[in-house]
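Thank you all for coming.

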Amino acid sequence: MVGILSGYNVGNSSMKKSFYANMETFNVEDGHFETEKPLSDSIISNEENKLGLKMYNIFYKTLTHTVEEKYHNIRTYSFSDRKGIIDGYEIVKGIEPTQIDEIALDRAYCDANKIKVGDMFETDVAIFKVVGFVALIDYSSLFENNSDAMMNVQSFSIAIVTKEAFDSFSVNEHYNYAYKYNDDLSEDETNKKDEILMKDIYLSGILGTNRLIDFVPLASNQAIQFAIDDIKNDLVFLDLFGYIIIAGLAFVFALTTKNRIEQEAKTIGTLKAMGYTTWNLVGHYILLPALITLAGALVGNLIGYTYFKDFTTGLYYRSYSLGSYKTYFDLSALFTTTLIPLALVILISLIILAINLNVPTKAFLQGKTKTKRKSTVCKLPKKMSIMNKMQFRIITHNKSTYAAMFIGLLFANLLLVFGFSLTPMLNRFSEEILNSQVAPYVYVLKENYAVSNENVEKIKVANVDYEIDAIEVIGVEKFGDQSEYLTDINLNRGEVVVSKDLYDKYKLKKGDIITAIETYTGKTFGFKISAFKDQAGAFYVYMDMDTFNEYFKDSQTLPGYLSSEELTEIPEDKIYTIITIKELQAGADQMSMSM
(Lines give C-alpha, C1' and ligand atoms only; values in the text may rest on other atoms or scores of the structure.)
Protein backbone atom coordinates (compact mmCIF):
# COMPACT_ATOMS: atom_id res chain seq x y z
CA MET A 1 0.00 0.00 0.00
CA VAL A 2 2.86 2.38 0.77
CA GLY A 3 4.34 1.53 -2.62
CA ILE A 4 1.11 2.52 -4.38
CA LEU A 5 0.83 5.71 -2.29
CA SER A 6 4.46 6.61 -2.90
CA GLY A 7 4.33 5.97 -6.66
CA TYR A 8 1.09 7.89 -6.97
CA ASN A 9 2.34 10.87 -4.93
CA VAL A 10 5.68 11.09 -6.74
CA GLY A 11 4.15 10.58 -10.20
CA ASN A 12 1.32 12.99 -9.43
CA SER A 13 3.63 15.69 -8.05
CA SER A 14 6.02 15.31 -10.99
CA MET A 15 3.20 15.54 -13.55
CA LYS A 16 1.83 18.69 -11.90
CA LYS A 17 5.23 20.42 -11.76
CA SER A 18 6.04 19.41 -15.34
CA PHE A 19 2.61 20.57 -16.55
CA TYR A 20 2.99 24.06 -15.07
CA ALA A 21 6.58 24.29 -16.28
CA ASN A 22 5.40 23.41 -19.81
CA MET A 23 2.72 26.11 -19.60
CA GLU A 24 5.52 28.65 -19.16
CA THR A 25 7.86 27.06 -21.70
CA PHE A 26 5.26 26.84 -24.45
CA ASN A 27 3.59 30.20 -23.66
CA VAL A 28 0.08 28.96 -23.04
CA GLU A 29 -2.76 31.32 -23.99
CA ASP A 30 -4.87 33.31 -21.53
CA GLY A 31 -7.88 32.44 -23.67
CA HIS A 32 -9.10 32.09 -27.24
CA PHE A 33 -12.16 32.85 -29.34
CA GLU A 34 -13.48 32.00 -32.79
CA THR A 35 -15.28 34.30 -35.21
CA GLU A 36 -17.22 33.56 -38.35
CA LYS A 37 -14.90 35.74 -40.46
CA PRO A 38 -11.37 37.12 -39.93
CA LEU A 39 -11.14 40.16 -37.63
CA SER A 40 -10.06 43.43 -39.17
CA ASP A 41 -6.64 44.81 -38.25
CA SER A 42 -8.30 47.86 -36.67
CA ILE A 43 -10.36 45.73 -34.23
CA ILE A 44 -7.30 43.67 -33.27
CA SER A 45 -5.15 46.78 -32.76
CA ASN A 46 -7.87 48.52 -30.76
CA GLU A 47 -8.36 45.58 -28.36
CA GLU A 48 -4.61 45.06 -27.93
CA ASN A 49 -4.10 48.70 -26.93
CA LYS A 50 -7.25 48.92 -24.82
CA LEU A 51 -6.71 45.76 -22.72
CA GLY A 52 -2.93 45.35 -22.80
CA LEU A 53 -2.82 42.05 -24.63
CA LYS A 54 -1.50 40.42 -27.78
CA MET A 55 -3.68 38.49 -30.23
CA TYR A 56 -2.41 35.61 -32.34
CA ASN A 57 -3.93 33.91 -35.38
CA ILE A 58 -4.07 30.17 -34.80
CA PHE A 59 -6.51 29.27 -37.55
CA TYR A 60 -7.33 25.62 -38.13
CA LYS A 61 -8.97 23.35 -40.66
CA THR A 62 -10.78 20.10 -39.89
CA LEU A 63 -9.84 17.06 -41.97
CA THR A 64 -11.75 13.77 -41.93
CA HIS A 65 -10.21 10.34 -41.45
CA THR A 66 -12.57 7.39 -41.95
CA VAL A 67 -12.17 4.14 -39.99
CA GLU A 68 -14.76 1.36 -40.35
CA GLU A 69 -17.43 3.84 -41.49
CA LYS A 70 -16.72 6.10 -38.51
CA TYR A 71 -15.53 9.64 -39.12
CA HIS A 72 -12.54 10.92 -37.15
CA ASN A 73 -12.20 14.70 -37.01
CA ILE A 74 -8.58 15.83 -37.33
CA ARG A 75 -8.19 19.48 -36.25
CA THR A 76 -5.15 20.62 -38.20
CA TYR A 77 -2.86 23.61 -37.56
CA SER A 78 0.12 25.07 -39.34
CA PHE A 79 3.10 24.77 -36.98
CA SER A 80 4.36 28.18 -38.15
CA ASP A 81 1.45 29.82 -36.27
CA ARG A 82 2.45 28.18 -33.00
CA LYS A 83 6.12 27.25 -32.78
CA GLY A 84 7.92 29.69 -30.50
CA ILE A 85 4.94 32.08 -30.60
CA ILE A 86 1.87 30.94 -28.64
CA ASP A 87 0.44 27.58 -27.49
CA GLY A 88 3.56 25.66 -28.38
CA TYR A 89 3.93 21.92 -28.68
CA GLU A 90 6.35 19.09 -28.03
CA ILE A 91 7.26 16.34 -30.47
CA VAL A 92 7.21 13.40 -28.06
CA LYS A 93 8.20 10.85 -30.70
CA GLY A 94 9.53 11.11 -34.23
CA ILE A 95 10.18 14.44 -35.95
CA GLU A 96 8.37 17.62 -36.95
CA PRO A 97 6.74 17.68 -40.42
CA THR A 98 8.95 19.30 -43.05
CA GLN A 99 7.31 18.14 -46.27
CA ILE A 100 3.84 18.89 -47.68
CA ASP A 101 2.81 15.22 -47.36
CA GLU A 102 3.91 14.81 -43.71
CA ILE A 103 1.80 15.11 -40.57
CA ALA A 104 2.29 14.86 -36.79
CA LEU A 105 -0.72 13.56 -34.85
CA ASP A 106 -1.65 13.71 -31.20
CA ARG A 107 0.11 11.01 -29.17
CA ALA A 108 -2.96 9.90 -27.15
CA TYR A 109 -5.04 9.58 -30.33
CA CYS A 110 -2.32 7.51 -31.99
CA ASP A 111 -2.04 5.23 -28.95
CA ALA A 112 -5.81 4.70 -28.88
CA ASN A 113 -5.92 3.90 -32.61
CA LYS A 114 -2.65 1.92 -32.78
CA ILE A 115 -1.04 4.36 -35.22
CA LYS A 116 2.74 4.20 -35.44
CA VAL A 117 5.37 6.64 -36.69
CA GLY A 118 5.91 5.86 -40.36
CA ASP A 119 2.30 4.79 -41.04
CA MET A 120 0.34 6.28 -43.90
CA PHE A 121 -2.67 8.34 -42.80
CA GLU A 122 -5.49 8.95 -45.28
CA THR A 123 -7.84 11.95 -44.98
CA ASP A 124 -10.50 13.49 -47.21
CA VAL A 125 -7.97 15.93 -48.70
CA ALA A 126 -4.71 13.99 -48.93
CA ILE A 127 -2.69 10.97 -47.79
CA PHE A 128 0.06 11.81 -45.28
CA LYS A 129 2.98 10.05 -43.73
CA VAL A 130 2.90 10.14 -39.92
CA VAL A 131 6.37 11.43 -39.00
CA GLY A 132 5.77 12.24 -35.32
CA PHE A 133 3.56 12.26 -32.27
CA VAL A 134 2.78 15.68 -30.83
CA ALA A 135 1.50 17.02 -27.49
CA LEU A 136 0.06 20.55 -27.62
CA ILE A 137 0.02 22.56 -24.41
CA ASP A 138 -3.55 23.79 -25.10
CA TYR A 139 -4.86 20.27 -25.81
CA SER A 140 -3.71 18.19 -22.86
CA SER A 141 -7.27 16.77 -22.97
CA LEU A 142 -8.82 16.18 -26.37
CA PHE A 143 -12.08 18.13 -26.10
CA GLU A 144 -13.41 18.92 -29.56
CA ASN A 145 -15.79 21.50 -28.07
CA ASN A 146 -15.45 23.13 -24.68
CA SER A 147 -19.08 22.28 -23.90
CA ASP A 148 -18.55 18.54 -24.43
CA ALA A 149 -19.21 16.35 -21.39
CA MET A 150 -16.23 14.10 -22.15
CA MET A 151 -12.97 14.28 -24.05
CA ASN A 152 -12.46 12.02 -27.07
CA VAL A 153 -9.11 10.42 -27.86
CA GLN A 154 -10.68 7.74 -30.05
CA SER A 155 -12.10 9.77 -32.93
CA PHE A 156 -10.71 13.29 -32.45
CA SER A 157 -7.12 14.41 -32.85
CA ILE A 158 -5.00 17.50 -33.17
CA ALA A 159 -2.46 17.58 -35.99
CA ILE A 160 0.28 19.89 -37.20
CA VAL A 161 1.50 20.24 -40.77
CA THR A 162 3.66 22.63 -42.75
CA LYS A 163 2.24 26.00 -43.83
CA GLU A 164 2.34 24.90 -47.48
CA ALA A 165 0.23 21.83 -46.66
CA PHE A 166 -2.20 23.86 -44.54
CA ASP A 167 -2.74 26.46 -47.27
CA SER A 168 -3.38 23.72 -49.84
CA PHE A 169 -6.38 22.23 -47.99
CA SER A 170 -9.63 23.23 -49.72
CA VAL A 171 -11.80 22.86 -46.60
CA ASN A 172 -13.53 25.34 -44.34
CA GLU A 173 -11.11 27.46 -42.28
CA HIS A 174 -11.89 28.29 -38.66
CA TYR A 175 -10.80 31.78 -37.60
CA ASN A 176 -9.50 31.08 -34.13
CA TYR A 177 -7.60 33.73 -32.15
CA ALA A 178 -5.53 33.18 -29.01
CA TYR A 179 -4.75 36.09 -26.71
CA LYS A 180 -2.15 36.65 -24.02
CA TYR A 181 -2.07 39.55 -21.53
CA ASN A 182 1.14 41.57 -21.39
CA ASP A 183 1.23 41.65 -17.59
CA ASP A 184 0.63 39.10 -14.87
CA LEU A 185 -2.89 39.74 -13.61
CA SER A 186 -4.84 38.61 -10.58
CA GLU A 187 -7.79 36.28 -11.07
CA ASP A 188 -10.29 39.14 -10.65
CA GLU A 189 -8.39 41.40 -13.10
CA THR A 190 -8.22 38.58 -15.64
CA ASN A 191 -11.95 37.85 -15.33
CA LYS A 192 -12.84 41.53 -15.81
CA LYS A 193 -10.66 41.89 -18.91
CA ASP A 194 -11.94 38.59 -20.33
CA GLU A 195 -15.50 39.86 -19.97
CA ILE A 196 -14.68 43.19 -21.64
CA LEU A 197 -12.91 41.47 -24.55
CA MET A 198 -15.78 39.02 -25.03
CA LYS A 199 -18.39 41.79 -25.13
CA ASP A 200 -16.26 43.95 -27.46
CA ILE A 201 -15.79 41.13 -29.98
CA TYR A 202 -19.46 40.20 -29.70
CA LEU A 203 -20.66 43.79 -30.28
CA SER A 204 -18.23 44.36 -33.13
CA GLY A 205 -19.68 41.22 -34.72
CA ILE A 206 -23.24 42.55 -34.44
CA LEU A 207 -22.20 45.83 -36.05
CA GLY A 208 -20.08 44.22 -38.75
CA THR A 209 -22.02 40.96 -39.31
CA ASN A 210 -19.11 38.87 -38.01
CA ARG A 211 -20.53 36.40 -35.51
CA LEU A 212 -18.65 35.48 -32.33
CA ILE A 213 -18.90 31.69 -32.42
CA ASP A 214 -16.98 30.73 -29.30
CA PHE A 215 -15.12 32.41 -26.44
CA VAL A 216 -13.11 30.35 -23.93
CA PRO A 217 -10.96 31.93 -21.18
CA LEU A 218 -8.05 29.90 -19.82
CA ALA A 219 -9.75 29.21 -16.46
CA SER A 220 -12.73 27.49 -18.13
CA ASN A 221 -10.85 25.80 -20.98
CA GLN A 222 -11.46 22.08 -20.50
CA ALA A 223 -8.83 21.12 -23.08
CA ILE A 224 -6.19 22.71 -20.81
CA GLN A 225 -7.63 22.44 -17.29
CA PHE A 226 -9.42 19.07 -17.27
CA ALA A 227 -6.31 16.88 -17.08
CA ILE A 228 -4.53 18.83 -14.34
CA ASP A 229 -7.74 19.12 -12.29
CA ASP A 230 -8.25 15.36 -12.58
CA ILE A 231 -4.66 14.70 -11.50
CA LYS A 232 -5.05 16.94 -8.44
CA ASN A 233 -8.42 15.55 -7.36
CA ASP A 234 -7.44 11.90 -7.73
CA LEU A 235 -4.52 12.32 -5.33
CA VAL A 236 -6.80 13.43 -2.49
CA PHE A 237 -8.99 10.36 -2.94
CA LEU A 238 -6.11 7.91 -3.20
CA ASP A 239 -4.33 9.30 -0.11
CA LEU A 240 -7.55 8.98 1.88
CA PHE A 241 -8.11 5.46 0.59
CA GLY A 242 -4.53 4.52 1.49
CA TYR A 243 -4.85 5.86 5.03
CA ILE A 244 -8.05 3.86 5.55
CA ILE A 245 -6.26 0.67 4.44
CA ILE A 246 -3.23 1.41 6.65
CA ALA A 247 -5.49 2.22 9.61
CA GLY A 248 -7.16 -1.16 9.07
CA LEU A 249 -3.76 -2.86 9.08
CA ALA A 250 -2.88 -0.96 12.25
CA PHE A 251 -5.96 -2.42 13.94
CA VAL A 252 -4.84 -5.89 12.84
CA PHE A 253 -1.44 -5.23 14.47
CA ALA A 254 -3.14 -3.93 17.61
CA LEU A 255 -5.54 -6.87 17.93
CA THR A 256 -2.66 -9.31 17.39
CA THR A 257 -0.75 -7.54 20.16
CA LYS A 258 -3.82 -7.72 22.39
CA ASN A 259 -3.90 -11.51 21.93
CA ARG A 260 -0.21 -11.69 22.87
CA ILE A 261 -0.94 -9.74 26.06
CA GLU A 262 -3.69 -12.22 26.98
CA GLN A 263 -1.30 -15.16 26.38
CA GLU A 264 1.54 -13.52 28.34
CA ALA A 265 -0.56 -12.10 31.18
CA LYS A 266 1.36 -13.85 34.01
CA THR A 267 4.74 -12.83 32.56
CA ILE A 268 3.52 -9.22 32.35
CA GLY A 269 2.36 -9.40 35.97
CA THR A 270 5.77 -10.68 37.05
CA LEU A 271 7.56 -7.87 35.15
CA LYS A 272 5.27 -5.23 36.66
CA ALA A 273 5.92 -6.70 40.11
CA MET A 274 9.67 -6.38 39.46
CA GLY A 275 9.27 -2.65 38.80
CA TYR A 276 8.66 -2.42 35.06
CA THR A 277 6.17 0.34 34.30
CA THR A 278 3.22 0.19 31.93
CA TRP A 279 5.08 2.45 29.50
CA ASN A 280 8.08 0.07 29.53
CA LEU A 281 5.73 -2.67 28.40
CA VAL A 282 4.03 -0.38 25.87
CA GLY A 283 7.44 0.33 24.32
CA HIS A 284 8.15 -3.40 24.14
CA TYR A 285 4.88 -4.32 22.43
CA ILE A 286 4.83 -1.33 20.08
CA LEU A 287 8.36 -1.92 18.79
CA LEU A 288 7.55 -4.75 16.38
CA PRO A 289 4.55 -3.07 14.65
CA ALA A 290 6.58 0.16 14.37
CA LEU A 291 9.59 -1.64 12.85
CA ILE A 292 7.38 -3.60 10.43
CA THR A 293 5.65 -0.38 9.34
CA LEU A 294 8.97 1.45 8.94
CA ALA A 295 10.40 -1.41 6.88
CA GLY A 296 7.21 -1.46 4.79
CA ALA A 297 7.46 2.30 4.27
CA LEU A 298 11.11 2.12 3.17
CA VAL A 299 10.60 -0.79 0.79
CA GLY A 300 7.29 0.73 -0.40
CA ASN A 301 8.99 4.04 -1.23
CA LEU A 302 11.71 2.19 -3.13
CA ILE A 303 9.10 0.35 -5.20
CA GLY A 304 7.03 3.53 -5.50
CA TYR A 305 9.87 5.60 -6.98
CA THR A 306 10.61 2.86 -9.51
CA TYR A 307 7.75 0.61 -10.64
CA PHE A 308 4.60 2.27 -9.27
CA LYS A 309 5.65 5.76 -10.42
CA ASP A 310 5.70 4.63 -14.05
CA PHE A 311 2.51 2.61 -13.59
CA THR A 312 0.67 5.64 -12.20
CA THR A 313 1.79 8.08 -14.87
CA GLY A 314 0.95 5.49 -17.52
CA LEU A 315 -2.69 5.56 -16.41
CA TYR A 316 -2.88 9.29 -17.13
CA TYR A 317 -0.81 9.22 -20.31
CA ARG A 318 -3.26 6.67 -21.70
CA SER A 319 -6.12 9.19 -21.50
CA TYR A 320 -4.41 12.57 -21.69
CA SER A 321 -2.10 14.16 -24.21
CA LEU A 322 0.59 15.26 -21.77
CA GLY A 323 4.13 16.23 -22.71
CA SER A 324 7.20 14.52 -21.27
CA TYR A 325 7.77 14.97 -17.57
CA LYS A 326 10.69 14.93 -15.16
CA THR A 327 10.61 13.03 -11.87
CA TYR A 328 10.94 15.35 -8.87
CA PHE A 329 11.82 14.27 -5.36
CA ASP A 330 9.01 15.50 -3.15
CA LEU A 331 9.40 15.89 0.61
CA SER A 332 5.63 16.16 1.07
CA ALA A 333 5.28 12.76 -0.62
CA LEU A 334 7.78 11.29 1.85
CA PHE A 335 5.72 12.77 4.70
CA THR A 336 2.51 11.36 3.20
CA THR A 337 3.84 7.87 2.55
CA THR A 338 6.16 7.31 5.54
CA LEU A 339 5.44 9.52 8.53
CA ILE A 340 1.63 9.41 8.39
CA PRO A 341 1.38 5.58 8.09
CA LEU A 342 3.95 5.20 10.88
CA ALA A 343 2.04 7.68 13.04
CA LEU A 344 -1.26 5.87 12.37
CA VAL A 345 0.13 2.49 13.39
CA ILE A 346 1.81 3.86 16.53
CA LEU A 347 -1.24 5.90 17.59
CA ILE A 348 -3.73 3.04 17.17
CA SER A 349 -1.36 0.59 18.86
CA LEU A 350 -0.85 3.04 21.72
CA ILE A 351 -4.60 3.35 22.31
CA ILE A 352 -5.14 -0.43 22.33
CA LEU A 353 -2.06 -1.05 24.52
CA ALA A 354 -2.95 1.71 26.97
CA ILE A 355 -6.38 0.17 27.47
CA ASN A 356 -5.16 -3.43 27.78
CA LEU A 357 -2.07 -2.82 29.94
CA ASN A 358 -3.87 -0.54 32.38
CA VAL A 359 -4.75 -3.52 34.59
CA PRO A 360 -3.58 -4.07 38.24
CA THR A 361 -0.49 -6.23 38.67
CA LYS A 362 -2.44 -8.69 40.82
CA ALA A 363 -4.87 -9.36 38.00
CA PHE A 364 -2.02 -10.04 35.56
CA LEU A 365 -0.36 -12.42 38.05
CA GLN A 366 -3.65 -14.35 38.18
CA GLY A 367 -3.63 -14.55 34.36
CA LYS A 368 -6.41 -12.03 33.94
CA THR A 369 -6.33 -9.11 31.49
CA LYS A 370 -9.52 -7.47 32.73
CA THR A 371 -10.63 -6.23 36.11
CA LYS A 372 -14.04 -7.31 37.26
CA ARG A 373 -16.60 -4.65 36.80
CA LYS A 374 -20.09 -4.63 38.12
CA SER A 375 -22.25 -5.63 35.25
CA THR A 376 -25.91 -6.21 34.67
CA VAL A 377 -26.70 -9.82 33.94
CA CYS A 378 -28.93 -10.23 30.93
CA LYS A 379 -31.58 -12.81 31.79
CA LEU A 380 -32.26 -15.10 28.88
CA PRO A 381 -35.63 -16.75 28.26
CA LYS A 382 -36.06 -20.13 29.96
CA LYS A 383 -37.36 -21.66 26.76
CA MET A 384 -34.08 -20.83 24.94
CA SER A 385 -31.99 -23.94 24.38
CA ILE A 386 -28.69 -24.36 26.20
CA MET A 387 -26.83 -24.22 22.87
CA ASN A 388 -28.44 -20.88 21.91
CA LYS A 389 -27.71 -19.47 25.37
CA MET A 390 -24.07 -20.46 25.04
CA GLN A 391 -23.82 -18.85 21.59
CA PHE A 392 -25.43 -15.65 22.88
CA ARG A 393 -22.99 -15.49 25.83
CA ILE A 394 -20.00 -15.99 23.53
CA ILE A 395 -21.18 -13.14 21.29
CA THR A 396 -21.77 -10.73 24.20
CA HIS A 397 -18.41 -11.56 25.82
CA ASN A 398 -16.58 -10.92 22.55
CA LYS A 399 -18.68 -8.03 21.27
CA SER A 400 -15.69 -5.75 20.60
CA THR A 401 -14.06 -8.39 18.38
CA TYR A 402 -17.29 -9.01 16.50
CA ALA A 403 -17.79 -5.25 16.08
CA ALA A 404 -14.32 -4.95 14.54
CA MET A 405 -15.08 -7.88 12.21
CA PHE A 406 -18.39 -6.29 11.24
CA ILE A 407 -16.78 -2.96 10.36
CA GLY A 408 -14.00 -4.65 8.41
CA LEU A 409 -16.39 -6.85 6.44
CA LEU A 410 -18.70 -3.90 5.78
CA PHE A 411 -15.82 -1.82 4.39
CA ALA A 412 -14.52 -4.71 2.27
CA ASN A 413 -17.96 -5.40 0.84
CA LEU A 414 -18.57 -1.71 0.06
CA LEU A 415 -15.37 -1.73 -2.03
CA LEU A 416 -16.43 -4.98 -3.66
CA VAL A 417 -19.90 -3.64 -4.53
CA PHE A 418 -18.35 -0.42 -5.91
CA GLY A 419 -16.04 -2.48 -8.14
CA PHE A 420 -18.86 -4.69 -9.42
CA SER A 421 -21.12 -1.65 -9.98
CA LEU A 422 -18.68 0.35 -12.09
CA THR A 423 -19.14 -1.49 -15.39
CA PRO A 424 -22.98 -1.60 -15.25
CA MET A 425 -22.95 2.07 -14.26
CA LEU A 426 -20.84 3.00 -17.30
CA ASN A 427 -23.05 0.86 -19.54
CA ARG A 428 -26.12 2.66 -18.20
CA PHE A 429 -24.40 6.01 -18.78
CA SER A 430 -23.71 5.01 -22.40
CA GLU A 431 -27.34 4.00 -22.92
CA GLU A 432 -28.62 7.29 -21.51
CA ILE A 433 -26.21 9.31 -23.66
CA LEU A 434 -27.35 7.49 -26.82
CA ASN A 435 -31.03 7.83 -25.88
CA SER A 436 -30.57 11.57 -25.41
CA GLN A 437 -30.19 12.08 -29.18
CA VAL A 438 -33.22 14.14 -30.24
CA ALA A 439 -32.96 13.31 -33.96
CA PRO A 440 -30.64 11.18 -36.11
CA TYR A 441 -29.04 14.40 -37.38
CA VAL A 442 -28.95 17.68 -35.47
CA TYR A 443 -27.50 20.51 -37.57
CA VAL A 444 -26.42 23.80 -36.01
CA LEU A 445 -25.51 26.39 -38.66
CA LYS A 446 -23.49 29.59 -38.60
CA GLU A 447 -26.20 31.45 -40.53
CA ASN A 448 -29.59 30.79 -42.12
CA TYR A 449 -29.52 28.40 -45.05
CA ALA A 450 -32.66 27.08 -46.72
CA VAL A 451 -32.81 23.37 -47.59
CA SER A 452 -35.07 21.56 -50.07
CA ASN A 453 -35.92 18.73 -47.64
CA GLU A 454 -39.44 19.47 -46.39
CA ASN A 455 -39.26 16.94 -43.54
CA VAL A 456 -36.70 18.87 -41.50
CA GLU A 457 -37.73 20.78 -38.40
CA LYS A 458 -36.25 24.23 -37.77
CA ILE A 459 -34.57 25.10 -34.49
CA LYS A 460 -32.59 28.02 -33.05
CA VAL A 461 -29.87 27.78 -30.40
CA ALA A 462 -28.63 30.29 -27.83
CA ASN A 463 -26.18 29.90 -24.93
CA VAL A 464 -26.90 31.00 -21.37
CA ASP A 465 -25.31 30.40 -17.97
CA TYR A 466 -27.26 29.20 -14.93
CA GLU A 467 -25.49 28.97 -11.58
CA ILE A 468 -22.18 27.24 -12.49
CA ASP A 469 -23.37 25.50 -15.65
CA ALA A 470 -23.60 26.39 -19.34
CA ILE A 471 -27.02 25.68 -20.82
CA GLU A 472 -28.19 25.46 -24.42
CA VAL A 473 -31.56 27.12 -25.05
CA ILE A 474 -33.33 25.59 -28.03
CA GLY A 475 -36.24 27.26 -29.80
CA VAL A 476 -38.41 24.82 -31.79
CA GLU A 477 -41.13 25.35 -34.39
CA LYS A 478 -42.76 21.95 -33.94
CA PHE A 479 -43.41 19.88 -30.82
CA GLY A 480 -45.87 17.31 -29.50
CA ASP A 481 -48.09 15.80 -32.20
CA GLN A 482 -46.71 18.21 -34.81
CA SER A 483 -43.13 17.00 -34.40
CA GLU A 484 -41.48 13.81 -35.53
CA TYR A 485 -38.77 14.11 -32.84
CA LEU A 486 -40.09 16.16 -29.89
CA THR A 487 -43.28 14.20 -29.35
CA ASP A 488 -42.77 14.02 -25.57
CA ILE A 489 -42.92 17.77 -24.85
CA ASN A 490 -45.70 20.34 -24.96
CA LEU A 491 -44.69 24.01 -24.93
CA ASN A 492 -46.82 26.92 -23.79
CA ARG A 493 -46.11 30.50 -24.78
CA GLY A 494 -43.75 32.08 -22.23
CA GLU A 495 -42.87 28.74 -20.55
CA VAL A 496 -40.01 26.27 -20.97
CA VAL A 497 -39.29 22.56 -20.68
CA VAL A 498 -35.92 21.62 -19.13
CA SER A 499 -33.88 18.44 -19.51
CA LYS A 500 -34.04 15.92 -16.68
CA ASP A 501 -30.37 16.34 -15.68
CA LEU A 502 -30.83 20.07 -15.13
CA TYR A 503 -34.14 19.44 -13.38
CA ASP A 504 -32.59 16.89 -10.99
CA LYS A 505 -29.31 18.68 -10.29
CA TYR A 506 -30.93 21.87 -9.05
CA LYS A 507 -34.03 20.17 -7.58
CA LEU A 508 -36.30 22.27 -9.73
CA LYS A 509 -40.08 22.06 -9.61
CA LYS A 510 -42.84 22.82 -12.08
CA GLY A 511 -43.72 26.48 -11.83
CA ASP A 512 -40.20 27.54 -10.71
CA ILE A 513 -38.63 30.53 -12.43
CA ILE A 514 -34.90 30.15 -13.09
CA THR A 515 -32.79 33.22 -13.81
CA ALA A 516 -30.21 32.65 -16.56
CA ILE A 517 -27.56 34.99 -17.97
CA GLU A 518 -26.77 35.20 -21.67
CA THR A 519 -23.19 34.04 -22.11
CA TYR A 520 -21.81 36.91 -24.20
CA THR A 521 -23.93 39.91 -23.29
CA GLY A 522 -24.72 39.43 -19.59
CA LYS A 523 -28.46 39.96 -20.21
CA THR A 524 -30.67 38.11 -17.72
CA PHE A 525 -33.75 36.04 -18.49
CA GLY A 526 -36.38 34.47 -16.29
CA PHE A 527 -37.61 31.09 -17.54
CA LYS A 528 -40.78 29.58 -16.04
CA ILE A 529 -40.65 25.77 -15.97
CA SER A 530 -43.75 23.92 -17.15
CA ALA A 531 -42.30 20.38 -17.38
CA PHE A 532 -39.12 18.39 -17.90
CA LYS A 533 -37.89 16.20 -20.74
CA ASP A 534 -36.37 12.80 -19.93
CA GLN A 535 -33.06 13.58 -21.59
CA ALA A 536 -29.70 12.80 -19.99
CA GLY A 537 -26.16 13.86 -20.72
CA ALA A 538 -26.53 17.63 -21.07
CA PHE A 539 -28.40 20.70 -19.85
CA TYR A 540 -31.08 21.91 -22.28
CA VAL A 541 -33.98 24.36 -22.11
CA TYR A 542 -36.70 24.05 -24.78
CA MET A 543 -39.14 26.81 -25.72
CA ASP A 544 -41.46 27.51 -28.63
CA MET A 545 -40.01 29.65 -31.44
CA ASP A 546 -42.15 32.71 -30.70
CA THR A 547 -40.99 32.78 -27.07
CA PHE A 548 -37.39 32.21 -28.20
CA ASN A 549 -37.50 35.12 -30.65
CA GLU A 550 -39.00 37.34 -27.97
CA TYR A 551 -36.20 36.53 -25.50
CA PHE A 552 -33.30 36.61 -27.96
CA LYS A 553 -34.45 39.16 -30.53
CA ASP A 554 -31.28 41.29 -30.18
CA SER A 555 -28.87 38.38 -29.79
CA GLN A 556 -26.68 36.39 -32.13
CA THR A 557 -28.36 32.99 -32.22
CA LEU A 558 -27.54 29.95 -34.31
CA PRO A 559 -30.15 28.45 -36.65
CA GLY A 560 -30.39 24.73 -37.29
CA TYR A 561 -32.40 21.69 -38.31
CA LEU A 562 -33.55 18.37 -36.90
CA SER A 563 -33.39 15.78 -39.65
CA SER A 564 -33.75 12.05 -40.19
CA GLU A 565 -31.10 12.05 -42.92
CA GLU A 566 -27.86 13.76 -43.82
CA LEU A 567 -28.34 17.19 -45.41
CA THR A 568 -25.56 17.09 -47.99
CA GLU A 569 -26.75 20.25 -49.73
CA ILE A 570 -25.61 22.50 -46.87
CA PRO A 571 -22.12 23.87 -47.64
CA GLU A 572 -19.47 22.95 -45.09
CA ASP A 573 -18.60 26.58 -44.41
CA LYS A 574 -22.20 27.20 -43.24
CA ILE A 575 -22.14 24.39 -40.65
CA TYR A 576 -21.17 25.08 -37.04
CA THR A 577 -21.61 21.50 -35.82
CA ILE A 578 -23.43 18.27 -36.63
CA ILE A 579 -24.50 15.94 -33.83
CA THR A 580 -25.17 12.32 -34.77
CA ILE A 581 -25.37 9.07 -32.85
CA LYS A 582 -21.75 8.36 -33.84
CA GLU A 583 -20.44 11.39 -31.97
CA LEU A 584 -22.43 10.42 -28.89
CA GLN A 585 -21.20 6.82 -29.10
CA ALA A 586 -17.61 8.08 -29.27
CA GLY A 587 -18.13 10.07 -26.07
CA ALA A 588 -19.66 7.07 -24.31
CA ASP A 589 -16.79 4.81 -25.44
CA GLN A 590 -14.28 7.38 -24.21
CA MET A 591 -15.88 7.44 -20.76
CA SER A 592 -15.65 3.65 -20.49
CA MET A 593 -12.03 3.62 -21.67
CA SER A 594 -10.94 6.37 -19.27
CA MET A 595 -12.64 4.89 -16.24
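Predicted model: local features only at pLDDT ≥ 70, side-chain atom pairs only at ≥ 80, totals over all residues.

The lining of the second largest cavity divides into seven nonpolar, four polar and two charged residues, where Ala, Val, Leu, Ile, Met, Phe, Trp, Tyr, Cys and Pro count as nonpolar, Asp, Glu, Lys and Arg as charged, and the others, Gly among them, as polar. Residues are numbered from 1 along each chain as its sequence is written, and side-chain values use heavy atoms, with hydrogens and water left out.

By a cavity I mean a set of points, on a 1 Å grid over the protein atoms alone, where a 1.4 Å probe fits but cannot get out, and lining residues have an atom within 4 Å of a point. Grid points are joined across faces, edges and corners, and a volume is the space filled by probe spheres set on the points.

The second largest cavity has a volume of about 120 Å³, and of its 13 lining residues, Ala462, Asn463, Tyr520, Gln556 and Thr557 are the closest to its centre. Strand 13 (457–466) and strand 11 (212–217) each give two or more residues to this lining, with the largest share, three residues, coming from strand 13; helices (H or I, at least four residues) and strands (E, at least two) are DSSP runs, numbered from the N terminus.

The largest cavity holds about 160 Å³ of space, and Phe19, Asn22, Ile137, Leu322 and Gly323 lie nearest its centre among the 20 residues that line it. Helix 1 gives the most to that lining, with four residues, and the lining comprises twelve nonpolar, seven polar and one charged residues.

That brings me to the packing of helix 1. Helix 1 (residues 2–25) packs against helix 8 (residues 278–319) at an angle of about 50 degrees, with the axes 5 Å apart; axes are lines fitted to C-alpha atoms, for helices over the stretch in contact, and angles run from 0 to 180 degrees between N-to-C directions. The two helices are therefore oblique to each other, since angles under 35 degrees count as roughly parallel, over 145 as roughly antiparallel, 65 to 115 as roughly perpendicular and the rest as oblique.

Technical notes
1 Å grid on protein atoms, 1.4 Å probe; cavity = no way out; pocket = protein on both sides within 12 Å on 5 of 7 lines; lining within 4 Å.
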